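Visitor: Please show me the structure, and then take me through it by question and answer.

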Amino acid sequence: MPDVFDEVHRRCRDGESVALATVVATWHSAPQPPGAAMVVATDGTVIGSVSGGCVEADLYERARPVLDTGQPELHRYGISDDDAYTVGLTCGGILDVFVERVDASALPALDAVAAARRGGHPAAIVTCVSADASDPTSGAGVPPDAGPSDPARRLGRRLVLTGERSIGSLGDDRLDDAARDDALGLLAAGRSGMLRYGYHGQRRGGGLSLFVTAYATPPRMIVFGAIDFAAAVARIGAFLGYRVTVCDARPVFATAQRFPEADEVVAQWPHRYLRTELAAGRLDERTVVCVLTHDPKFDVPLLELALRHRLAFVGAMGSRRTHDERHKLLSEAGLSPDQLARLASPIGLDLGGRTPEETAVSVAAQIVAARWGGTGGPLAALDGPIHRPG
(Lines give C-alpha, C1' and ligand atoms only; values in the text may rest on other atoms or scores of the structure.)
Protein backbone atom coordinates (compact mmCIF):
# COMPACT_ATOMS: atom_id res chain seq x y z
CA MET A 1 0.00 0.00 0.00
CA PRO A 2 2.93 2.49 0.15
CA ASP A 3 1.99 4.27 -3.09
CA VAL A 4 -1.73 4.63 -2.17
CA PHE A 5 -1.39 5.18 1.57
CA ASP A 6 -1.95 8.94 1.52
CA GLU A 7 -5.16 8.54 -0.47
CA VAL A 8 -6.48 5.83 1.88
CA HIS A 9 -5.61 7.94 4.92
CA ARG A 10 -7.21 11.09 3.49
CA ARG A 11 -10.48 9.41 2.55
CA CYS A 12 -10.81 7.60 5.89
CA ARG A 13 -10.05 10.84 7.72
CA ASP A 14 -12.89 12.45 5.73
CA GLY A 15 -15.28 9.71 6.82
CA GLU A 16 -15.20 7.65 3.63
CA SER A 17 -14.66 3.92 3.25
CA VAL A 18 -12.45 2.38 0.58
CA ALA A 19 -11.76 -1.11 -0.68
CA LEU A 20 -8.04 -1.81 -0.60
CA ALA A 21 -6.65 -4.59 -2.82
CA THR A 22 -3.06 -5.55 -1.97
CA VAL A 23 -0.73 -8.03 -3.68
CA VAL A 24 0.33 -10.32 -0.83
CA ALA A 25 2.16 -13.10 -2.72
CA THR A 26 3.59 -13.66 -6.19
CA TRP A 27 5.02 -16.56 -8.18
CA HIS A 28 6.91 -16.73 -11.45
CA SER A 29 6.79 -13.69 -13.74
CA ALA A 30 4.33 -11.58 -11.78
CA PRO A 31 4.15 -7.96 -13.01
CA GLN A 32 3.99 -6.30 -9.56
CA PRO A 33 5.77 -7.15 -6.28
CA PRO A 34 4.11 -7.87 -2.92
CA GLY A 35 2.79 -4.64 -1.48
CA ALA A 36 1.50 -3.20 -4.76
CA ALA A 37 -2.00 -1.92 -4.11
CA MET A 38 -5.16 -0.57 -5.71
CA VAL A 39 -7.92 1.44 -4.03
CA VAL A 40 -11.58 1.49 -5.03
CA ALA A 41 -13.54 4.34 -3.44
CA THR A 42 -17.28 4.48 -2.85
CA ASP A 43 -17.62 7.01 -5.67
CA GLY A 44 -16.04 4.52 -8.08
CA THR A 45 -12.64 6.19 -8.23
CA VAL A 46 -9.70 3.80 -8.74
CA ILE A 47 -6.18 4.65 -7.55
CA GLY A 48 -3.10 2.47 -8.00
CA SER A 49 -2.51 -0.84 -9.73
CA VAL A 50 -1.75 -4.45 -8.84
CA SER A 51 -0.91 -5.96 -12.22
CA GLY A 52 -0.45 -3.25 -14.80
CA GLY A 53 -3.93 -3.84 -16.22
CA CYS A 54 -4.38 -7.62 -16.32
CA VAL A 55 -6.76 -8.13 -13.40
CA GLU A 56 -7.81 -4.65 -12.32
CA ALA A 57 -11.23 -4.80 -13.98
CA ASP A 58 -12.10 -8.05 -12.20
CA LEU A 59 -10.79 -6.73 -8.90
CA TYR A 60 -12.92 -3.63 -9.30
CA GLU A 61 -16.05 -5.79 -9.48
CA ARG A 62 -14.94 -7.89 -6.49
CA ALA A 63 -14.16 -4.78 -4.45
CA ARG A 64 -17.68 -3.39 -4.66
CA PRO A 65 -19.33 -6.06 -2.47
CA VAL A 66 -16.39 -5.92 -0.01
CA LEU A 67 -17.16 -2.21 0.41
CA ASP A 68 -20.77 -3.11 1.23
CA THR A 69 -20.23 -6.10 3.53
CA GLY A 70 -16.84 -5.38 5.07
CA GLN A 71 -15.97 -9.07 4.66
CA PRO A 72 -12.38 -9.38 3.34
CA GLU A 73 -11.51 -11.77 0.54
CA LEU A 74 -8.34 -13.39 -0.81
CA HIS A 75 -8.20 -13.99 -4.57
CA ARG A 76 -5.66 -15.80 -6.74
CA TYR A 77 -5.01 -14.86 -10.35
CA GLY A 78 -2.98 -17.11 -12.63
CA ILE A 79 -2.05 -17.36 -16.28
CA SER A 80 -4.92 -16.69 -18.67
CA ASP A 81 -5.99 -19.35 -21.12
CA ASP A 82 -7.59 -19.26 -24.58
CA ASP A 83 -10.95 -18.17 -23.20
CA ALA A 84 -11.18 -14.45 -23.94
CA TYR A 85 -13.38 -13.99 -20.91
CA THR A 86 -10.96 -15.59 -18.48
CA VAL A 87 -9.25 -13.13 -16.18
CA GLY A 88 -5.58 -13.94 -15.79
CA LEU A 89 -2.00 -12.83 -16.21
CA THR A 90 -0.76 -13.10 -19.76
CA CYS A 91 2.81 -12.88 -18.44
CA GLY A 92 2.48 -16.33 -16.87
CA GLY A 93 2.75 -15.19 -13.28
CA ILE A 94 0.48 -15.81 -10.30
CA LEU A 95 -0.81 -13.20 -7.85
CA ASP A 96 -2.59 -13.50 -4.51
CA VAL A 97 -4.56 -10.31 -3.84
CA PHE A 98 -6.22 -9.50 -0.51
CA VAL A 99 -9.26 -7.22 -0.70
CA GLU A 100 -10.46 -5.47 2.47
CA ARG A 101 -12.57 -2.52 3.51
CA VAL A 102 -10.70 0.28 5.26
CA ASP A 103 -12.80 2.85 7.09
CA ALA A 104 -12.78 5.22 10.04
CA SER A 105 -12.20 2.34 12.47
CA ALA A 106 -8.67 2.08 11.05
CA LEU A 107 -7.85 5.74 11.71
CA PRO A 108 -5.75 5.17 14.86
CA ALA A 109 -3.51 2.82 12.89
CA LEU A 110 -3.40 5.05 9.80
CA ASP A 111 -2.69 8.15 11.89
CA ALA A 112 0.22 6.39 13.59
CA VAL A 113 1.74 5.30 10.27
CA ALA A 114 1.26 8.78 8.81
CA ALA A 115 2.99 10.38 11.81
CA ALA A 116 5.90 7.95 11.50
CA ARG A 117 6.27 8.69 7.79
CA ARG A 118 6.24 12.45 8.38
CA GLY A 119 8.97 12.03 10.97
CA GLY A 120 11.10 9.91 8.65
CA HIS A 121 10.63 6.78 10.76
CA PRO A 122 9.80 3.28 9.50
CA ALA A 123 6.44 1.66 10.20
CA ALA A 124 4.66 -1.57 9.31
CA ILE A 125 1.09 -2.86 9.14
CA VAL A 126 0.65 -6.59 9.76
CA THR A 127 -2.68 -7.89 8.43
CA CYS A 128 -4.18 -11.36 8.72
CA VAL A 129 -5.02 -12.27 5.11
CA SER A 130 -5.82 -15.98 5.53
CA ALA A 131 -7.09 -18.06 8.45
CA ASP A 132 -7.46 -21.82 8.10
CA ALA A 133 -9.84 -23.36 10.65
CA SER A 134 -8.47 -26.83 9.90
CA ASP A 135 -4.93 -25.98 11.08
CA PRO A 136 -3.79 -28.98 13.15
CA THR A 137 -1.48 -26.82 15.27
CA SER A 138 -4.11 -24.27 16.29
CA GLY A 139 -4.52 -25.85 19.70
CA ALA A 140 -1.10 -27.39 20.17
CA GLY A 141 0.47 -26.46 23.46
CA VAL A 142 -2.25 -23.90 24.22
CA PRO A 143 -3.81 -23.60 27.70
CA PRO A 144 -7.48 -24.68 27.89
CA ASP A 145 -8.58 -21.11 28.65
CA ALA A 146 -6.84 -19.58 25.62
CA GLY A 147 -10.13 -19.30 23.73
CA PRO A 148 -11.30 -20.58 20.33
CA SER A 149 -9.37 -20.14 17.10
CA ASP A 150 -12.22 -18.68 15.08
CA PRO A 151 -11.06 -17.73 11.54
CA ALA A 152 -13.82 -15.16 11.23
CA ARG A 153 -12.35 -13.25 14.17
CA ARG A 154 -8.81 -13.30 12.79
CA LEU A 155 -9.25 -12.44 9.11
CA GLY A 156 -8.51 -8.76 8.50
CA ARG A 157 -7.12 -8.08 11.97
CA ARG A 158 -4.19 -5.62 12.04
CA LEU A 159 -1.12 -4.99 14.16
CA VAL A 160 0.65 -1.69 13.48
CA LEU A 161 4.30 -1.16 14.41
CA THR A 162 5.87 2.30 14.67
CA GLY A 163 9.19 2.26 16.47
CA GLU A 164 8.67 0.99 20.00
CA ARG A 165 4.89 1.41 19.76
CA SER A 166 2.32 -1.23 18.76
CA ILE A 167 -1.33 -0.59 17.93
CA GLY A 168 -4.02 -3.26 17.59
CA SER A 169 -3.78 -7.02 17.89
CA LEU A 170 -3.93 -10.13 15.75
CA GLY A 171 -6.02 -11.87 18.40
CA ASP A 172 -3.40 -13.52 20.62
CA ASP A 173 -0.57 -12.05 22.72
CA ARG A 174 1.97 -14.71 21.71
CA LEU A 175 1.04 -14.31 18.06
CA ASP A 176 1.49 -10.54 18.41
CA ASP A 177 4.95 -11.04 19.92
CA ALA A 178 6.09 -13.45 17.20
CA ALA A 179 4.70 -11.32 14.38
CA ARG A 180 6.24 -8.16 15.86
CA ASP A 181 9.73 -9.68 15.92
CA ASP A 182 9.56 -11.02 12.38
CA ALA A 183 7.84 -7.94 10.94
CA LEU A 184 10.54 -5.69 12.36
CA GLY A 185 13.07 -7.87 10.54
CA LEU A 186 11.25 -7.31 7.24
CA LEU A 187 10.98 -3.61 8.01
CA ALA A 188 14.72 -3.35 8.65
CA ALA A 189 15.28 -4.84 5.20
CA GLY A 190 12.74 -2.44 3.67
CA ARG A 191 10.69 -5.34 2.35
CA SER A 192 7.01 -6.28 2.46
CA GLY A 193 6.21 -9.98 2.70
CA MET A 194 4.20 -12.87 4.09
CA LEU A 195 4.58 -14.54 7.50
CA ARG A 196 2.90 -17.79 8.56
CA TYR A 197 2.12 -19.05 12.05
CA GLY A 198 -0.14 -21.26 14.08
CA TYR A 199 -3.03 -19.49 15.76
CA HIS A 200 -0.98 -18.78 18.87
CA GLY A 201 2.29 -17.76 17.28
CA GLN A 202 3.76 -21.21 16.56
CA ARG A 203 6.31 -20.86 13.77
CA ARG A 204 5.11 -23.99 11.99
CA GLY A 205 3.89 -22.42 8.80
CA GLY A 206 0.19 -23.22 9.17
CA GLY A 207 -3.10 -21.71 10.23
CA LEU A 208 -2.59 -18.00 9.72
CA SER A 209 -1.03 -16.02 6.89
CA LEU A 210 -0.02 -12.50 7.86
CA PHE A 211 1.05 -9.89 5.33
CA VAL A 212 3.51 -7.22 6.40
CA THR A 213 3.25 -3.93 4.52
CA ALA A 214 6.57 -2.20 5.20
CA TYR A 215 6.85 1.58 5.16
CA ALA A 216 10.62 1.85 5.32
CA THR A 217 12.38 5.18 5.23
CA PRO A 218 13.33 6.05 1.62
CA PRO A 219 16.75 4.86 0.49
CA ARG A 220 19.32 7.60 0.10
CA MET A 221 21.11 8.85 -2.98
CA ILE A 222 24.09 11.16 -2.41
CA VAL A 223 25.30 13.05 -5.45
CA PHE A 224 28.75 14.60 -5.05
CA GLY A 225 29.60 17.48 -7.34
CA ALA A 226 27.28 20.45 -7.90
CA ILE A 227 27.36 20.42 -11.71
CA ASP A 228 24.64 20.37 -14.37
CA PHE A 229 24.84 16.57 -14.59
CA ALA A 230 24.21 16.43 -10.83
CA ALA A 231 20.96 18.37 -11.23
CA ALA A 232 19.71 15.82 -13.76
CA VAL A 233 20.79 12.85 -11.62
CA ALA A 234 19.13 14.39 -8.55
CA ARG A 235 15.92 14.82 -10.52
CA ILE A 236 15.77 11.23 -11.72
CA GLY A 237 16.86 9.97 -8.27
CA ALA A 238 13.88 11.71 -6.70
CA PHE A 239 11.64 10.20 -9.39
CA LEU A 240 12.91 6.72 -8.44
CA GLY A 241 11.98 7.32 -4.79
CA TYR A 242 15.37 8.16 -3.29
CA ARG A 243 15.93 10.81 -0.66
CA VAL A 244 18.47 12.88 -2.58
CA THR A 245 21.37 14.87 -1.14
CA VAL A 246 23.69 16.98 -3.29
CA CYS A 247 27.08 17.74 -1.72
CA ASP A 248 29.89 19.97 -2.94
CA ALA A 249 32.77 21.72 -1.17
CA ARG A 250 32.03 24.99 -3.00
CA PRO A 251 29.21 26.97 -1.32
CA VAL A 252 28.69 29.18 -4.34
CA PHE A 253 27.56 26.13 -6.37
CA ALA A 254 25.95 24.06 -3.61
CA THR A 255 22.66 25.95 -3.34
CA ALA A 256 19.05 24.82 -3.07
CA GLN A 257 18.11 27.11 -5.96
CA ARG A 258 20.34 25.13 -8.33
CA PHE A 259 18.99 21.76 -7.15
CA PRO A 260 15.26 22.16 -6.42
CA GLU A 261 14.56 18.41 -6.72
CA ALA A 262 17.11 17.51 -4.02
CA ASP A 263 15.86 16.97 -0.47
CA GLU A 264 18.96 18.72 0.85
CA VAL A 265 22.02 20.50 -0.50
CA VAL A 266 25.19 20.45 1.60
CA ALA A 267 28.28 22.64 1.25
CA GLN A 268 31.04 20.49 2.72
CA TRP A 269 34.09 18.52 1.64
CA PRO A 270 32.67 15.28 0.21
CA HIS A 271 34.65 12.73 2.20
CA ARG A 272 34.02 14.61 5.46
CA TYR A 273 30.29 14.66 4.83
CA LEU A 274 30.24 10.96 3.95
CA ARG A 275 32.24 10.10 7.08
CA THR A 276 29.79 12.04 9.24
CA GLU A 277 26.76 10.30 7.72
CA LEU A 278 28.34 6.86 8.09
CA ALA A 279 29.29 7.50 11.71
CA ALA A 280 25.76 8.68 12.48
CA GLY A 281 24.26 5.48 11.02
CA ARG A 282 22.24 7.39 8.42
CA LEU A 283 23.48 5.24 5.50
CA ASP A 284 22.74 1.59 4.87
CA GLU A 285 23.01 -1.14 2.22
CA ARG A 286 20.34 0.62 0.12
CA THR A 287 22.39 3.83 -0.20
CA VAL A 288 23.54 4.99 -3.65
CA VAL A 289 26.60 7.21 -4.08
CA CYS A 290 27.24 9.05 -7.36
CA VAL A 291 30.57 10.88 -7.59
CA LEU A 292 30.43 13.44 -10.40
CA THR A 293 33.28 15.71 -9.38
CA HIS A 294 35.99 13.94 -11.46
CA ASP A 295 38.68 15.76 -9.48
CA PRO A 296 41.25 13.55 -7.68
CA LYS A 297 41.44 15.74 -4.59
CA PHE A 298 37.71 15.15 -4.05
CA ASP A 299 37.28 11.73 -5.65
CA VAL A 300 40.04 9.63 -4.11
CA PRO A 301 39.40 10.19 -0.37
CA LEU A 302 35.65 10.00 -0.98
CA LEU A 303 35.73 6.76 -2.98
CA GLU A 304 38.25 5.18 -0.64
CA LEU A 305 35.78 5.69 2.20
CA ALA A 306 32.66 4.69 0.23
CA LEU A 307 34.15 1.47 -1.13
CA ARG A 308 35.14 0.29 2.35
CA HIS A 309 31.44 0.16 3.32
CA ARG A 310 28.62 -2.04 2.06
CA LEU A 311 26.61 0.50 0.11
CA ALA A 312 24.20 -0.49 -2.67
CA PHE A 313 26.00 1.35 -5.45
CA VAL A 314 29.11 3.49 -5.81
CA GLY A 315 29.74 5.09 -9.19
CA ALA A 316 32.08 7.80 -10.45
CA MET A 317 32.04 9.98 -13.55
CA GLY A 318 35.10 10.54 -15.72
CA SER A 319 36.97 9.55 -18.83
CA ARG A 320 38.74 6.22 -19.13
CA ARG A 321 42.03 8.02 -18.50
CA THR A 322 40.55 9.54 -15.34
CA HIS A 323 39.27 6.11 -14.32
CA ASP A 324 42.68 4.47 -14.78
CA GLU A 325 44.44 7.15 -12.73
CA ARG A 326 41.76 7.00 -10.02
CA HIS A 327 41.95 3.20 -9.90
CA LYS A 328 45.73 3.40 -9.45
CA LEU A 329 45.46 5.91 -6.59
CA LEU A 330 42.75 3.87 -4.84
CA SER A 331 44.84 0.73 -5.14
CA GLU A 332 47.80 2.57 -3.62
CA ALA A 333 45.49 3.67 -0.79
CA GLY A 334 45.06 0.02 0.16
CA LEU A 335 41.71 -0.96 -1.36
CA SER A 336 41.43 -4.65 -2.19
CA PRO A 337 40.58 -5.97 -5.67
CA ASP A 338 37.10 -6.91 -4.43
CA GLN A 339 36.51 -3.40 -3.13
CA LEU A 340 37.75 -1.86 -6.35
CA ALA A 341 35.50 -4.16 -8.37
CA ARG A 342 32.46 -2.58 -6.70
CA LEU A 343 33.23 0.79 -8.29
CA ALA A 344 31.04 1.57 -11.31
CA SER A 345 33.39 3.74 -13.34
CA PRO A 346 32.86 5.35 -15.76
CA ILE A 347 29.36 5.56 -14.30
CA GLY A 348 26.30 4.66 -16.39
CA LEU A 349 25.24 2.24 -19.11
CA ASP A 350 26.12 2.70 -22.77
CA LEU A 351 23.04 4.45 -24.14
CA GLY A 352 24.90 6.85 -26.40
CA GLY A 353 23.50 9.85 -24.51
CA ARG A 354 25.02 13.32 -24.67
CA THR A 355 22.96 15.73 -22.59
CA PRO A 356 22.87 15.84 -18.76
CA GLU A 357 19.35 14.39 -18.87
CA GLU A 358 20.36 11.53 -21.15
CA THR A 359 23.41 10.86 -18.99
CA ALA A 360 21.17 10.78 -15.90
CA VAL A 361 19.00 8.13 -17.57
CA SER A 362 22.07 5.96 -18.18
CA VAL A 363 23.18 6.38 -14.56
CA ALA A 364 19.71 5.53 -13.26
CA ALA A 365 19.53 2.49 -15.55
CA GLN A 366 22.78 1.15 -14.10
CA ILE A 367 21.55 1.73 -10.54
CA VAL A 368 18.30 -0.14 -11.25
CA ALA A 369 20.17 -3.00 -12.95
CA ALA A 370 22.54 -3.28 -9.97
CA ARG A 371 19.61 -3.34 -7.56
CA TRP A 372 17.68 -6.10 -9.29
CA GLY A 373 20.43 -8.04 -11.05
CA GLY A 374 19.60 -6.87 -14.55
CA THR A 375 22.00 -7.26 -17.44
CA GLY A 376 21.46 -3.85 -18.99
CA GLY A 377 20.92 -5.49 -22.37
CA PRO A 378 17.84 -5.17 -24.60
CA LEU A 379 14.96 -7.39 -23.50
CA ALA A 380 14.52 -8.59 -27.08
CA ALA A 381 17.96 -10.20 -26.93
CA LEU A 382 17.32 -12.06 -23.68
CA ASP A 383 15.58 -15.33 -22.86
CA GLY A 384 13.51 -16.08 -19.80
CA PRO A 385 10.99 -14.02 -17.81
CA ILE A 386 10.90 -10.24 -18.13
CA HIS A 387 9.88 -9.70 -14.50
CA ARG A 388 12.57 -10.98 -12.18
CA PRO A 389 11.70 -12.30 -8.70
CA GLY A 390 12.81 -10.20 -5.75
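The questions below cover confidence, sheets, a core and aromatic pairs.

Visitor: What does the protein chain average in pLDDT?
Guide: This is a predicted model. Of its residues, 88% score at least 70. The average pLDDT over the protein chain is 86.

Visitor: Which element of the protein chain has the highest mean pLDDT?
Guide: The lowest mean among the elements is 72, for helix α4 (residues 151-154). The highest is 98, and the element with that mean is β14.

Visitor: How many contacts beyond four places in sequence does the model have for residues 135-148?
Guide: Over residues 81-86, pLDDT stays under 50, and the model has 2 contacts beyond four places in sequence there. Residues 135-148 also stay under 50 in pLDDT. For residues 135-148 the number of such contacts is 20.

Visitor: Which strands are at the edges of the open sheet of 5 strands?
Guide: The order in this sheet is β3-β2-β1-β5-β4, with antiparallel pairing. An edge strand pairs on one side only. The edge strands are β3 (46-48) and β4 (73-77).

Visitor: By how many degrees are neighbouring strands of this sheet turned against each other on average?
Guide: The sheet in question is the open one with the order β3-β2-β1-β5-β4. With direction ignored, its neighbouring strands are turned against each other on average by 20°.

Visitor: Over how many bridges do β1 and strand β5 pair?
Guide: On one side, β1 pairs with strand β2 (residues 37-41) in the antiparallel sense over 5 bridges, and A21 has M38 of β2 as its bridge partner. Strand β5 (residues 94-102) also pairs with β1 in the antiparallel sense, with T26 opposite L95 in β5. The count of bridges between β1 and β5 is 9.

Visitor: Why is strand β1 largely enclosed by the rest of the structure?
Guide: The cut-off for a buried residue is under 20% relative accessible area. Strand β1 covers residues 18-27 and is largely enclosed because, of its 10 residues, the number buried is 8.

Visitor: Which residue in β3 stands opposite V40?
Guide: The pairing of β2 and β3 is antiparallel and runs over 3 bridges. Opposite V40, the residue in β3 is V46.

Visitor: At about what angle does α1 run to β1?
Guide: Helix α1 lies across β1, β2, β3 and β5. Its angle to β1 is about 155°.

Visitor: Which residue in β13 stands opposite D248?
Guide: An open sheet of 6 strands has parallel pairing and the order β13-β12-β11-β14-β15-β16. Its edge strands are β13 and β16 (343-344). β12 and β13 pair in the parallel sense over 4 bridges, and the residue in β13 opposite D248 is A267.

Visitor: At about what angle does α8 run to β15?
Guide: Helix α8 lies across β11, β14, β15 (313-316) and β16. Its angle to β15 is about 160°.

Visitor: Which element gives the most residues to the largest nonpolar core?
Guide: This core has 25 residues, and M221, V223, C290 and I367 have the most contacts inside it. The elements that give two or more residues to it include β11 (220-224), β14 (288-291) and α11 (356-372). With 6 residues, the element that gives the most is α6.

Visitor: Which residues does V223 touch, not counting those up to four places away in sequence?
Guide: V223 is one of the residues with the most contacts inside the largest nonpolar core. With residues up to four places away in sequence left out, V223 touches A230, V233, V244, T245, V246, C247, C290 and L292.

Visitor: How many aromatic pairs are there, and how many residues apart are F5 and Y215?
Guide: The count comes to 2 aromatic pairs. F5 and Y215 form an edge-to-face pair, 5.4 Å centre to centre with 65° between the planes. F5 is in helix α1 (residues 5-13) and Y215 in strand β10 (residues 208-215), so the pair links distant parts of the chain.
Guide: F298 has 11% relative accessibility and counts as buried. At 33% relative accessibility, W269 counts as partly exposed.

Methods
Residues numbered from 1 in each chain as written. Predicted model: local features only at pLDDT ≥ 70, side-chain atom pairs only at ≥ 80, totals over all residues. Heavy atoms only, no water. Buried < 20%, exposed > 50% of the residue type's maximum accessible area, 1.4 Å probe, protein only. Pairing = 2+ DSSP bridges. Phe/Tyr/Trp six-rings, centres within 6.5 Å; stacked < 30°, edge-to-face > 60°. Core = buried A, V, L, I, M, F, W, Y, C linked by side-chain atoms within 4.5 Å. Contact = heavy atoms within 4.5 Å. Axes fitted to C-alpha atoms, helices over the stretch in contact; angles between N-to-C directions. pLDDT = per-residue confidence, 0-100.
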